[in-house]
Amino acid sequence: MATRVIPPRILKNIRYNTATATTTATTKPLNSAHPSIISSSVVPQPSLYDKADQKPPSTTVNPPLLNFDDAEKLFAPVSTPKLLRSSAVIHATAMGPMVDFGMWIMKSKLVQKGVLKDLVMSSIKKTFFENFCAGEDAADAGRSIRWLNGVGLRGMLVYGVEDAHDNEGCDRNLKGFLHTVDVSTSLPYNSVSFVIVKITAICPLKLLERMSDLLRWQQKDPSFILPWKQDSLPIFAESSPLYHTQKRPEPLTPEEENDLELANQRLLELCQKCVQANIPLLVDAEHTTVQPAIDYFTYSSAIMHNKDENPIVFGTIQTYLKDAKERLLLTAKAAEKMGVPMGYKLVRGAYMSLESKLAESLGYASPIHNTIQDTHKCFNDCSSFMLEKIASGPGNVVLATHNVESGKLAAAKAHELGIGKVNQKLEFAQLYGMSEALSFGLSNAGFQVSKYMPFGPVEMVMPYLLRRAEENRGLLAASGFDRQLMRKELGRRLKAAVF
């Protein structure tokens, strides 16, 4: 379809409104919320409870918690140039051939040096980077956070480094994460909801792989002793995949144990910094090759630093994995028994291609749910479990979703449970530059909403951009929700400018 170019004089005259915008049996599922508090676009699901427990239909119709009908109100805080760029990028990432070509360009040796590299990097910066990232440095990120704060959203600050392969790289990355905490404390109060850390950036990747092998073997053989292991929460469930470790691994060498001690010290320093700043630290999830070690670091740190009712260290559960719900229930139960308040970010996941290829290469079924419907159900079930948990006790949950129906169901469930909208225990989250309608819709309904905001030089955050492109291809091709609303609002502004 041809793209219409809007003359600058029209753009200049466009006006927009800036008004303020375990057991399954014991967990009430999200889609059992009373129909009167769900948007009319959601088809009410049959009750899973006995007829004796059912309440008669309400005679009054309450307005939906989330309203996406008014595109003008949803996008009121967004300038027209920004909305145009976002619409163009979102449309591009929904086109398979365009994504394939873009990923080929970004991975190609042709862009490693010279004029072509400068041209490609400049193009990426002005399009994908500026849409999905908060800036190239902390100052840029701070400006992005302030803008979000002004329109009623918060930011999760992500120093955009990923895998480190030696201690020198890990030490350098740690300085970046510590600086991110300092930047967060300099910004308006409560404008930064979390500082994000990737364990793969502060612990050598090979060591994480070795630790994960050893932890998996201990799961297979409980008599297998790991002398370096500290107190932790359950890392595996009965259904967790263990095929990565085919034979009994050798113990850590003295050099590896020294590297592990250095990694422990790095994470300890970062946790202490967050405790002093009173800013939660959220540990991102990775692929299952190293996730056991990441969970070990997360849970051992949570036991050490999470006190009272408000956790400082948060873990991440990827609900596209078949064992996600079972692991969440086990971990939550163990944490409750130990008196440790836990915080979790629930996401669907971003390593689908890698996980499927690895499992297939080893002759095993993929650890990812067989259908997208199963993934949606797992996310919604885990959300329901955590909402019920925080409604009656300690703990926090971040519901990181771009799925509109999951957002509606979770908002309705929170309302049903009496969880206050602006409540420190509950946060919704979306990636910066994505699902803007859902973010503003939740915020307009009174919920706390954060945007996941990586920052750093373009080349440094390239792995993140590649994953976003790969993930978005399926995500955005399957749902035109945001695109339709953006087109509607851009059309309205164009008409207002012309007529």
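Start by selecting residues 343-347, which form strand E5, together with residues 396-400, which form strand E6, and you will see two strands of this predicted model that pair in the parallel sense over four bridges. To find one of the points where they meet, pick Gly343, whose bridge partner in E6 is Asn396.

Now widen the selection to the strands E1-E2-E3-E4-E5-E6-E7-E8, which run in that order around a closed barrel of eight strands with parallel pairing.

Next, select residues 138-150, helix H6, which lies across strand E1 (154-159), strand E2 (192-197) and strand E8 (449-455), and which runs at about 165° to E8.

Finally, move to helix H8, residues 205-220, and helix H9, residues 254-277, which pack with their axes 11 Å apart at an angle of about 105°. Because angles of 65 to 115 degrees count as roughly perpendicular, H8 and H9 are therefore described as roughly perpendicular to each other. To view the contact itself, show the side chains of Leu207, Arg210 and Met211 in H8, which meet Glu256, Asp259 and Leu260 in H9. The residues of this contact of H8 with H9 divide into three nonpolar and three charged, with no polar ones.

Key
Residues are numbered from 1 along each chain as its sequence is written. This is a predicted model: local features need pLDDT of at least 70, side-chain atom pairs count only at pLDDT 80 or more; totals for chains, interfaces and linings use all residues. Side-chain values use heavy atoms; hydrogens and water are left out. Two strands pair if DSSP finds at least two bridges between them. Contact means heavy atoms within 4.5 Å. Axes are lines fitted to C-alpha atoms, for helices over the stretch in contact, and angles run from 0 to 180 degrees between N-to-C directions. Angles under 35 degrees count as roughly parallel, over 145 as roughly antiparallel, 65 to 115 as roughly perpendicular and the rest as oblique. Ala, Val, Leu, Ile, Met, Phe, Trp, Tyr, Cys and Pro count as nonpolar, Asp, Glu, Lys and Arg as charged, and the others, Gly among them, as polar.
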